[in-house]
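This report describes one protein model, part by part. Please look at the sequence and the structure below before reading on.

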Amino acid sequence: MQLCGVCSEHVPKYRCPACRIRYCSVSCFKRHRDDDSCHPVKESDPASSSSTPVNSVEQPWTVKDLLDEDSQTDKVPLQKLQQLGGSEALKGLLRNPHLRRLMMSVDSAEDKAKAMKDAMQEPLFVEFADQCLKIIEPTETENDDDEF
């Protein structure tokens, strides 16, 4: 099992988009960035091989950057993520400042599992999660409704 490349204490959940070091939290990422220890990868390494060139200094994050090897089975295909981005229902929910605060608290929490469990006690967050699931994993009835 790997440990965070910054604090060497926790299991890393993320990867620096520039140098590919693994880190466990926002605070470790900030410490890594502020320590000047981030040395961007100039050539494509086998772990990040793709058809896109590595010329640009500022590369967008990919799903691989956010997931460790153990989480790869939980990946959502890019097409489904794009459907989330285009959903008017989700956009409507995200206009609610309370939901945005809930999401920020989950995102910034050290214990993400506990934060998610707590957030799922909020009906608004459950509604948001349900709407996401409807888009990502539609049921047969929802698929049939789309055809008519």
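## Residues 4-38

In this predicted model, the span of residues 4-38 is 26% helix and 11% strand. An unreviewed UniProt entry places the feature "domain: HIT-type" at residues 4-38.

Helix H1 covers residues 26-34 and contains His 32. The relative accessible area of His 32 is 2%; a residue counts as buried under 20%, so His 32 is buried. Apart from its neighbours within four places in sequence, His 32 is in contact with Val 6, Cys 16, Cys 19, Ile 21, Ser 37 and Cys 38.

## Overall make-up

The protein has eight helices and two strands. Read from the N terminus, the order of elements is β-β-α-α-α-α-α-α-α-α.

Of its 148 residues, 24% count as buried. Among contacts with a separation of 6 or more, 42% are between residues 24 or more positions apart.

## The nonpolar cores

In soluble globular proteins, nonpolar side chains tend to be buried together. The largest nonpolar core in this model has 15 residues. Those with the most contacts inside this core are Leu 84, Leu 90, Leu 93, Leu 99, Phe 125, Phe 128 and Cys 132. At least two core residues come from each of helix H4 (88-94), helix H5 (97-108), helix H6 (112-119) and helix H7 (123-136). H7 gives the most, with six residues.

Leu 90 illustrates the contacts made here. With its neighbours within four places in sequence left aside, Leu 90 is in contact with Leu 84, Phe 128, Gln 131, Cys 132 and Ile 135. There is also a second, separate core, which has nine residues, including Cys 7, Tyr 14, Cys 16 and Phe 29.

## How H5 meets H7

How do the axes of H5 and H7 cross? They come within 10 Å of each other and cross at roughly 80 degrees. Angles of 65 to 115 degrees count as roughly perpendicular, so H5 and H7 are roughly perpendicular to each other.

On the H5 side, the residues that meet H7 are His 98, Leu 99, Leu 102 and Met 103. On the H7 side, they are Leu 124, Phe 125 and Phe 128. By class, this contact has six nonpolar residues, one polar residue and no charged residues.

Key. Residues are numbered from 1 along each chain as its sequence is written. This is a predicted model: local features need pLDDT of at least 70, side-chain atom pairs count only at pLDDT 80 or more; totals for chains, interfaces and linings use all residues. Side-chain values use heavy atoms; hydrogens and water are left out. A nonpolar core is a set of buried Ala, Val, Leu, Ile, Met, Phe, Trp, Tyr and Cys residues joined through side-chain atoms within 4.5 Å. Buried means under 20% relative accessible area, exposed over 50%, partly exposed in between (1.4 Å probe, protein chains only). Helices (H or I, at least four residues) and strands (E, at least two) are DSSP runs, numbered from the N terminus. Contact means heavy atoms within 4.5 Å. Axes are lines fitted to C-alpha atoms, for helices over the stretch in contact, and angles run from 0 to 180 degrees between N-to-C directions. Angles under 35 degrees count as roughly parallel, over 145 as roughly antiparallel, 65 to 115 as roughly perpendicular and the rest as oblique. Ala, Val, Leu, Ile, Met, Phe, Trp, Tyr, Cys and Pro count as nonpolar, Asp, Glu, Lys and Arg as charged, and the others, Gly among them, as polar. UniProt positions are given in the numbering used here, feature names are shortened, and annotations may be inferred rather than shown by experiment.
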